[in-house]
Each structure stands twice: as structure tokens, then as C-alpha cells.
Amino acid sequence: MTLRTNTDAPPAPPPASDKGLRSGSVGLLGAVALGLSSTAPAYSIAVTLGLVTLTVGHLAPASLLIGFVPILLTALAFRELNREMPDCGTTFVWTTRAFGPLAGWLAGGWVVQTATLIAMTALSQVGATYLLSVLAPDRYAGSTVAVTATALLLLAGCTAVARRGVQIAASLQYLLLGLQLTALLGFGAAALARPGASTPSLSWLNPFAYGGAGPFAESVLLCLYIYWGWDALITVNEESRDADKVPGRAVLVSTCVLLGTYLFTAFAAVSFAGTGTDGPGLGNPDNATDVLATLAPPVVGDALAVLVKLAVAVSAVSALLSCLVSAPRGTLSMAAHGALPPAFARLHPRHRTPAFGTLCFGAATGLLLVVLELLSARFLGDAILSVGLLIACYYGVTALACVRYFRSHLRRSARDLLLKGVLPLLGGLMMLAAFVRSAIDMYAPSYGDTSFHGVGGVFLLGIGSVAVGAVVMLALRPRHTRFFREGRRAVAELTVTEPTED
């Protein structure tokens, strides 16, 4: 009989961060996978490319490129702020340090979480719809009950995976992301190789060929949505190796990969189908909301078209999983800094994940999905459209927070002036301009599918959610007095750096 020695003992778990999260568990590749997956590239391009083409025709690739500019400038702001303050609360912490607790809680906390929650309801429904269209297109795909039940099952599965830990989620994302990118690149290559496809032209990238400011602004606003989500990878910064460097690099890598994938797919689709208003043309309104489902059969055949649909389903589920990883870490940080009830900072004793927050987000998403479905499918559609308003709001505020926080650094070097000042300022102003333009457009009762007393339902849902956040903040203020009185100091105590001098 042999004796058990210490060498037989299980390895010690990786060290935890200050908030209890498991540090050093995510590398560059895992962070990039989470960032790419959270944007749902296959789903995003499928539902957006047609709408952009309806607006600007063959200049859709130009809109994708121009829409990427404020995203890149905002990503630079995220990178610089994360390098200084690697906290899983990201926008909440950075906005609080720059502008104080009120702006931090509302714009950096509530708006971000609300946008994510609404997006999760859409992702769960889209994933269920496409999955049923592949598995049982004739029996269940058109059934609201079947779609909702499947969406709730997908949501429960993703919640369970996210609760287990970011390592498992990142590993699963490799597979899901690989399927999406393979489907998109395969579709694009096949479309370009089809007989009759026109030769792509660089004129499709001409930013000066738009017919006016209106189509230009509308198409760029649409393109902002398809890039949204990459910032989810920043929320695992405390669990990343080299927390001050790896997430920032992953942000730039993921956004550039998105740009390349979207441009290739757009060029291929326009080359094959054109921008006509009949048949498979991208200018046909009947094709606008799902160009991949329309173009896949003539491009790759009916059999492989099923795989393209499956890729869209996988894209939605993958993004849903990323949201369930990132959002609870945001509320964990808010609770750790005293801005939310302590329960949101509660971690799973073994997996070291924000278990309470993960379950809350899963349950809240399921509840919101059921409520919106019971009210009307139109409410869910308008809620999804309102997300664009929230995106522009918190991206713009974060970019300006970078300029405000680093204002004393801007004279140190040309690099600091450019990367911490000029470029984030341009990105922030562009995002806030998009916010204002979106709000003006959404106010019209004809925008979206619902209206109330002459005001568009999308506007009411977007601005209304911000107003509700302000009410909730005022209700919480008496219970979280230290944060709301000493927000910058309270947040600084759990971040790496000391507060920047005023």
C-alpha cells in the first residue's frame, strides 16, 4: 500500500482579485473571443446590412467603415482608462472618477445594464427563432409559444454556463465564434465566386458620394449597432492576465477583426445581389431584415444555407452568453463600491463568479421577454431599436470621461495629448451627436411600430428608461450615502491608482 503524499494534492486555485474574482484566468485570445462573440457578428450583419443598403445603396461598405471611426476612437478611450484603472465596473468606475457619483451611477451603470438587458431579450428570441427554423421550420418556427419557451431554455443554459466561470464561457465561445466566422467568410467567398457577380469597387467606400446629410447620418447610426458589444471583454479585466494591458489589446484586435469581417461580407453581398429593389437585391424591402437568409440559398445552395441560419442562431446565443458574463460583473463592481445592495457582490464559493448577479440578470431577461411578448411583439421590436440611443449615450460619456480624467496628462507628451485627449474627445462628440440625432428621429410617431400621444414609442422607451434610472437612483441614494457623497473617493479605494488631481 502506498501513502498519499503532498504531490498528490489538488493544485491550489488561481489567486482571486480584490473583489474575489479569479485572476489570471483569461488570456488575450479568450478576451478577444468574448469581445467578438458579444457583438453577434453573424446576426448583426444579417439584420443590419439590408437596412443600410436601403438607405445608401452601394455605399453600404462606406457606412460600415465610417461607422467604425467613432467606435475605434471610443475603443482607444476604453484602452487608456483600463490601463489606468483595470476594474470590472469599467464605465461605471471611470465615469464616477471623472464626473462624480451621479453621472457614474446613471450613465456608467444604469444605462449600460439597461441596454444589455434589452439586448439579451432580443438575442434569446432571435436565437430561438433561428434554431427552430433549422430544427422544425414547419412545425414550431412560427409559434410564439414555442419560440418563447425555447428562448427561455437557451437563457437558462447560458445562465448556468456563465455562473460556472469565465474560463468555461471563453472555451465555449471559441467553438461558437469559429462557426460564425467560418459561415460568414464562406458565404462571402462563394458570393464573390458566383457567375454574374460584379467586381467590387473602391467607389463603394467613397465617403463623399452620399446624397445628403440625412442618409449619411441614418446609415452610420445603423452601423453603430453592429459594432456594439466589444466592450464586454473589458469587464473580465480583473480576471485577465496583465489586467492593465491584455484587455486593451483585445479591444483593438476584436474591433479590427469585426471591421474586416463586415466589410468583406458587405462587398460580397453587394457584388452578388446588387442594390436593386426586386428579387434578391439588397434594396428590396422584403429582404432588409435578414439578408443572409435571403441570399444564402442562391449563393451556397439549400443544404449549406441551413448552416448559415444555424450560424445566426449560434451568433445570438454566443452574444447572450457574453452578456451574462459581462453584465453581472458590472453590478458586482457597483455593489463593491457601495452603489448597489451588497447582494450583488456575492460570489459563488467555488467558481468565484458573481452568482447572485448572474441569476438576477437571467431571471430579469426571462421576465422582460415574457412581459413584452404578452403585451405585443411590437413592443419588443421598439425596445430593441431604443438600444441604439443608450449605446450612443454611454459610449459618448465614457470617451469624454477619458478626456476629463486625464486632463492633467495632456501636456506630458504628444502621445498623451492624442490618445487621451484629442481622439477620445472626437469619439465622444461623435457619439453624443449620434445620440441627439437618434433622439430627434425617434421622437416622430412614425419611427418604429408604436407611439403614444404623438410621440414615438422608441423614443419613450429609450429616454424613458433613462428617466426610470434617475428615479431608482434617487430612491437608492438614502441607503448608499457614502457612495453618493464621496463617490470618487469611495471608488478610488478599490482601484489600482490614486485619484487624478483636480
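**Reading pockets and helix packing**

In this predicted model, helix H2 (41-56), helix H5 (101-135), helix H8 (213-227), helix H12 (377-405) and helix H13 (414-443) each give at least two residues to the lining of the largest pocket.

Colleague: How do I read a pocket here?

Modeller: Rolling a probe the size of a water molecule over the atoms shows where empty space is left. In this case, the largest pocket has a volume of about 1,200 Å³. It is lined by 36 residues, and the closest to its centre are Leu-51, Leu-222, Gly-381, Ile-384 and Leu-385.

Colleague: Which helix supplies the largest share of that lining?

Modeller: H12, with eleven residues.

Colleague: How do the lining residues of the largest pocket divide by class?

Modeller: They split into 20 nonpolar, nine polar and seven charged.

Colleague: What is the volume of the second largest pocket?

Modeller: About 740 Å³. Its lining has 29 residues; Trp-110, Thr-114, Leu-117, Ser-465 and Val-468 are the closest to its centre.

Colleague: Which elements each supply at least two residues of the lining of the second largest pocket?

Modeller: H5, H10, helix H11 (355-375), H12, strand S1 (451-452) and helix H14 (457-476). The largest share, seven residues, comes from H14. By class, the lining of the second largest pocket has 21 nonpolar and eight polar residues, and no charged ones.

Colleague: Which residues of H1 and H10 meet?

Modeller: From H1, Leu-34, Ser-37 and Ser-38; from H10, Ser-315, Ser-318, Ala-319 and Ser-322. This contact of H1 with H10 has two nonpolar, five polar and no charged residues.

Colleague: At what angle do H2 and H10 pack?

Modeller: At about 125°, with the axes 8 Å apart. H2 and H10 are therefore oblique to each other.

Colleague: Which residues of H2 and H10 meet?

Modeller: H2 brings Pro-41, Ala-42, Tyr-43, Ile-45, Ala-46, Leu-49 and Gly-50. H10 answers with Val-291, Leu-292, Ala-311, Val-312 and Ser-315. By class, the contact of H2 with H10 counts ten nonpolar, two polar and no charged residues. Ser-315 of H10 meets H1 and also meets H2.

Key:
Residues numbered from 1 in each chain as written. Predicted model: local features only at pLDDT ≥ 70, side-chain atom pairs only at ≥ 80, totals over all residues. Heavy atoms only, no water. Contact = heavy atoms within 4.5 Å. Helix = DSSP H or I, 4+ residues; strand = E, 2+ residues; numbered from the N terminus. Nonpolar A, V, L, I, M, F, W, Y, C, P; charged D, E, K, R; others polar. 1 Å grid on protein atoms, 1.4 Å probe; cavity = no way out; pocket = protein on both sides within 12 Å on 5 of 7 lines; lining within 4 Å. Points joined across faces, edges and corners; volume = space filled by probe spheres on them. Axes fitted to C-alpha atoms, helices over the stretch in contact; angles between N-to-C directions. Parallel < 35°, antiparallel > 145°, perpendicular 65-115°, else oblique.
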